[in-house]
Amino acid sequence: MDTTRQVLLIEDDELDRALIAELFCLRGRGRVVVTEAPTLKNGLELVATHTFDLVLLDTKLPDASALYALRSVAEHAPSTPILPHTPYLAASIRQTARQRGAYEVVVRGELNPLWAAAHKLIVPEQSPAESHPAA
């Protein structure tokens, strides 16, 4: 059984892309493949030709507003969970994002909450026998 998970990271900041990709590769223990897109346009081209288990979406892109980007990704990949990360987190933004297809919204730069939210989406739950192998 292939347990590799495909994650699309739409993020315009090169350093943030590298940091998040490294985080997912390390914490995913080689079972998470991150494909990077620096713009919404590039990301939409990728979701049109590839299947992803998760889309990590920067909400401050040079070619789209946050809600437009969220709506566009949701329309192009309706069955793929979207996890936006934003520099600020107001209750109204979280609620609007969920209404437009986001699974959760995390604050930009907080890597542990980002990984925790993503992990719930991309790692299949183990049965009790798998999580506690016999000695």
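**Entry 1: helix α2**

I started with α2 and found Leu 40, Gly 43, Leu 44, Leu 46 and Val 47 buried (under 20% relative accessible area with a 1.4 Å probe, protein chains only; exposed is over 50% and partly exposed in between). These residues sit on the same side of α2, because they cover an arc of only 160° around the axis; the arc is that of the directions from the helix axis to the C-beta atoms. I kept a reminder here: an α-helix has 3.6 residues a turn, so residues three or four places apart point the same way.

I then turned to the face away from the buried side, and there I found the exposed residues Lys 41, Ala 48 and Thr 49. Next I looked up what covers the buried residues, and the cover includes β1 (5-10), β2, β3 (54-58) and α3.

**Entry 2: a note on the model**

I am reading a predicted model, where local features need pLDDT of at least 70, side-chain atom pairs count only at pLDDT 80 or more, and totals for chains, interfaces and linings use all residues. Residues are numbered from 1 along each chain as its sequence is written, and side-chain values use heavy atoms, with hydrogens and water left out.

I noted six helices and five strands in the protein chain, where helices (H or I, at least four residues) and strands (E, at least two) are DSSP runs numbered from the N terminus. From the N terminus on, I read the order β-α-β-α-β-α-β-α-β-α-α. Buried residues make up 38% of the 135 residues.

**Entry 3: α2 beside α3**

How do the axes of α2 and α3 cross? I found that the axes of α2 (residues 40-49) and α3 (residues 66-76) come within 10 Å and cross at roughly 10°. That makes α2 roughly parallel to α3 (angles under 35 degrees; over 145 is roughly antiparallel, 65 to 115 roughly perpendicular and the rest oblique).

From α2, I listed Leu 40, Leu 44 and Val 47 in the contact; from α3, Tyr 68, Ala 69, Ser 72, Val 73 and His 76. Contact means heavy atoms within 4.5 Å.

**Entry 4: two loop residues**

I found Thr 80 in the loop between α3 and β4 (82-86). Is Thr 80 buried or exposed? Thr 80 counts as buried, because its relative accessibility is 12%. Leaving aside neighbours within four places in sequence, I saw Thr 80 in contact with Phe 52, Asp 53, Leu 54 and Val 55. A polar atom of the Thr 80 side chain lies 3.5 Å from the backbone oxygen of Phe 52.

Arg 29 is in the loop between α1 (14-27) and β2 (32-37), and at 66% relative accessibility Arg 29 counts as exposed. I also noted that its phi is near 50°, a positive value in a residue other than glycine.

Terms used: Axes fitted to C-alpha atoms, helices over the stretch in contact; angles between N-to-C directions. Polar contact = N/O pair within 3.5 Å; in protein donor to acceptor, adjacent residues only side chain to side chain.
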